[in-house]
Amino acid sequence: MTIGIPKALLYYKYGTLWETFFRALGCDVAYSALTTRQTLEDGARFSIDEACIPSKLYMGHVYSLLGVCDRILVPRVESFGPREEVCVKFNALYDIVRNTFPAVPLLCYNLHAQKGAGERKGFVGMARNLGKSPIRALAAYNEGKEAQRQADAARTREQERLLEEPDTLKILLVTHPYNIHDPLLGGPIVRAVRASGGTPVFADALDKAACAEKAPGLSEHLYWTYSKELVGAVGLCAGQADGILLITAFPCGPDSLVNELLLRKLKGVPVAHILLDELSGEAGLVTRIESFLDIIKEKKRHTA
Amino acid sequence: MEIISFPHLGPYHVPIARLLRRIFPHMEVRKAPPITKRTLELGSRHSPDFVCAPFKYNLGNFIEALEGGATILMQAGGGCRYGYYGEIQEQILKDLGYSFQFVQFLGKEATLASLHRACRELGTPLTGSRLLGELALTLRMLWVMDTMEAYVRENIGFETTPHSFETAYGAFLNALEDVDSFSALASVYKTYRKKIGGLGVRKPVDCLRVGIVGELYSLMEPFSSFFIEKTLAKNNIMVSRHINLTYLLVLKQLEGKRLLRQAGEYLHFPIGADGTDSVAKSKKMAELGYDGVIHLKPFGCTPEVNAMPMLQNIAKDYKMPILYFSFDSLTSETGIKTRLEAFHDMLLMRRETRREAPGSGADMSHTA
């Protein structure tokens with residue numbers, strides 16, 4: 001039994017959990033190849049024009065998995081609790097894939113904490129769907145959770161170390177993990193920051209609990225969990241960062257409002273906003289990041 | 001004296017203003033100035049570029065209300081991005097230099113107690129139970145309005161005297177402004193049910209029937225859709241729309257899981273805000289043999305974009321054309337009118353084809 005995992009969207013948050021879980025159940029795991037221009041083109045063909053770029057990439061990744069695995073994993077996520085919602089795209093992803101690629105066998109779990117559909121229950125349900133016992137499922141789930149926790153903790157430690165390093169130009173990259181860690185969307189940005197002498201620090205990799213605590217201070221009514229994590233990260237280390245890059249993938253719903261708020265509220269630290277769309281070439285991006293870092297370097301030189 | 005104002009939502013400013021006057025008799029309640037191109041321009045200029053259009057309309061309303069002297073602004077919230085509008089709008093208006101009080105009623109957090117507390121902070125003389133009574137009366141008024149409006153919508157395309165429906169409905173809304181009790185409301189309803197129900201209508205049994213689904217603001221604020229329902233009526237089409245405030249505030253909550261079941265195999269889960277409704281009601285209307293469905297949304301509206309793959313499948317499976325619109329601050333009215341004309345022509349042609357060769361199943365369900 002081979003489970004196909006699209007390397008897009010929530011893969012960048014729960015990939016370790018998923019792979020560990022399925023392998024512990026005795027399944028093979030097949031990944032789609034890392035994003036290329038072709039992935040975006042394919043995905044756009046199977047998406048509504050106005051859909052956000054990350055979701056178009058996702059459809060491209062699903063398309064590339066057709067026929068190479070037994071089931072494609074497409075989770076359905078709605079909420080983690082009261083006032084802990086996610087972008088509605090995640091509510092619909094499973095049904096969108098189902099309607100776009102009918103007769104393709106999918107595997108799904110539903111995460112809607114407020115309706116009693118917790119994560120553990122969802123994973124046990126998936127295992128049952130694959131013919132595995134609940135006991136084995138629970139053990140596999142716990143193993144997966146621990147592996148994910150360790151992977152996340154290692155990433156957090158790395159960001160914290162980078163923030164402490166003296167004499168570096170720390171640029172906080174504030175955007176969803178499926179943007180910044182995607183080779184097509186975020187790759188050019190990370191490379192450009194490094195090429196200009198900056199050290200990228202990933203807001204999405206900081207400690208989630210600490211971020212959740214800081215978020216209400218910046219935004220009182222924010223209810224999107226993934227955005228709260230980013231806003232909290234900003235609150236946590238805006239003081240240590242030399243510059244902040246807000247990155248929005250067109251036309252991300254939550255970001256259209258959250259990044260506007262951050263732009264208006266962040267004072268005392270250089271902030272730039274980058275909008276990623278399907279048509280932008282790398283050159284414009286690189287130029288903007290170069291000049292952003294130049295300005296920061298100048299500022300640092302003056303205050304020194 | 002404090003001047004309290006709120007954004008537009010079609011004809012609903014009537015019950016909203018009436019309710020606010022009852023809750024805050026010591027304030028002047030003013031609906032925002034009517035929406036014009038300037039409202040949209042103002043709102044767009046100060047909004048994030050690709051936020052959904054209702055945000056821009058709301059912001060334009062707020063700015064024009066403040067220009068007119070409003071001191072308190074009211075906003076609601078719920079659904080998709082709508083719950084987060086208020087915080088950003090308040091920040092933008094403060095950054096523009098306006099001073100005002102901003103009051104938000106967020107659907108997710110509202111209880112009668114919290115509502116009453118918020119009203120008391122603003123100085124309402126009403127007790128909790130009086131407030132509940134006013135809210136109940138308002139909900140009943142919304143039901144009366146929506147029932148009347150549905151009748152108008154389905155028959156205005158066939159009125160024998162031009163503008164008779166529009167005039168009568170306008171008078172009905174005026175009469176609602178002075179209602180202060182359930183009996184007064186019942187009396188107004190009875191009077192206008194007779195008046196509007198008695199207006200001359202010549203509606204063929206086999207008239208064209210079109211359903212309208214989509215995002216709530218695009219459906220309920222006619223300016224944002226370039227008065228699309230009016231255009232359809234002028235073309236002698238019977239228009240059905242399920243989404244109105246009574247549905248959103250009451251009926252949808254009561255429907256619960258039944259809504260998802262209505263969507264059949266097209267949906268296993270809800271897809272956000274009113275996207276699920278778009279799918280469920282389109283399927284229902286396809287089964288009822290409607291000639292077509294029109295889907296309205298602001299550009300980028302994620303729940304409605306989510307619904308589109310399902311709608312495309314419904315159109316294909318039931319051979320019922322669905323026309324999709326996206327509205328934002330730059331939408332061209334001519335473009336809308338042209339596409340509507342073409343859609344209308346297509347619906348008529350399909351009727352002809354079916355009449356000439358019943359069962360030929362001419363598949364013209366693919367629309368842009």
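**Figure 1. A salt bridge links Lys297(B) to Glu50(A).** The model is predicted. In this view, Lys297(B) comes from chain B and Glu50(A) from chain A; their closest N and O atoms are 3.6 Å apart. Across the interface of chain B and chain A, the rule finds three salt bridges. The polar contacts number 22 residue pairs across that interface, with both residues at pLDDT 80 or more. On the chain B side, the elements that give two or more residues are helix H4 (82–95), strand S4 (101–106), strand S7 (292–298) and helix H14 (302–318). By class, the chain B side that touches chain A holds 23 nonpolar, twelve polar and seven charged residues.

**Figure 2. Chain B and chain A bury about 3,500 Å² between them.** Of this area, 63% lies on carbon and sulfur atoms. Three residues of chain B lose the most area to chain A: Phe50(B), Tyr84(B) and Phe269(B). Together they account for 22% of what the chain B side buries. The contact takes 42 residues from chain B. Chain A gives 38 residues to the contact.

**Figure 3. Domain 1 of chain B meets domain 3 of chain B.** Chain B is divided into domain 1 (3–126), domain 2 (136–203) and domain 3 (204–368). The centres of domain 1 and domain 3 of chain B, taken over C-alpha atoms, are separated by 29 Å. Their contact takes 18 residues from domain 1 and 19 residues from domain 3. The two domains bury about 1,500 Å² between them. Carbon and sulfur atoms give 71% of that area. In domain 1, the residues that lose the most area to domain 3 are Leu9(B), Tyr12(B) and Tyr57(B). Together these three make up 32% of what the domain 1 side buries.

**Figure 4. Helices H2 and H3 of chain B on the domain 1 side.** Helix H2 (37–45) and helix H3 (53–67) of chain B are the elements that give two or more residues to the side of domain 1 that touches domain 3. H3(B) gives the most, with five residues. That side of domain 1 divides into ten nonpolar, five polar and three charged residues. Within H2(B), the residues Thr39(B), Leu40(B), Leu42(B), Gly43(B) and Ser44(B) are buried. The buried residues of H2(B) pack against H3 of chain B.

**Figure 5. Ser196(A) sits in a loop of chain A.** The loop runs between helix H8 (187–195) and strand S9 (198–202). Ser196(A) counts as buried because its relative accessibility is 11%, and the cut-off for buried is under 20%. Leaving aside residues up to four places away in sequence, Ser196(A) touches Glu290(A), Leu293(A) and Lys297(A).

**Figure 6. A cis peptide bond joins Phe250(A) and Pro251(A).** Omega at this bond is about -20 degrees. Most peptide bonds are trans. Pro251(A) lies in the loop between strand S10 (243–249) and helix H11 (253–265) of chain A.

**Figure 7. Asp167(A) has a positive phi.** The value is about 60 degrees, although Asp167(A) is not a glycine. Most residues other than glycine have a negative phi. Asp167(A) is placed in the loop between helix H6 (134–164) and strand S8 (169–174) of chain A. Its relative accessibility is 79%, so Asp167(A) counts as exposed.

**Figure 8. Lys319(B) also has a positive phi, of about 50 degrees.** Lys319(B) is not a glycine. The residue lies in the loop between H14 and strand S8 (322–327) of chain B. At 37% relative accessibility, Lys319(B) counts as partly exposed.

**Figure 9. Leu251(B) lies in helix H11 (residues 245–255) of chain B.** Leu251(B) counts as partly exposed, with a relative accessibility of 41%. Leu251(B) and Thr161(B) are 90 residues apart along the chain. Their C-alpha atoms are separated by 34 Å.

Methods: Residues numbered from 1 in each chain as written. Chains lettered and ligands numbered in written order. Predicted model: local features only at pLDDT ≥ 70, side-chain atom pairs only at ≥ 80, totals over all residues. Heavy atoms only, no water. Contact = heavy atoms within 4.5 Å. Buried area = accessible area lost by both parts, 1.4 Å probe. Salt bridge = Lys/Arg side-chain N within 4 Å of Asp/Glu carboxyl O. Polar contact = N/O pair within 3.5 Å; in protein donor to acceptor, adjacent residues only side chain to side chain. Helix = DSSP H or I, 4+ residues; strand = E, 2+ residues; numbered from the N terminus. Nonpolar A, V, L, I, M, F, W, Y, C, P; charged D, E, K, R; others polar. Domains from an automatic or database assignment. Buried < 20%, exposed > 50% of the residue type's maximum accessible area, 1.4 Å probe, protein only.
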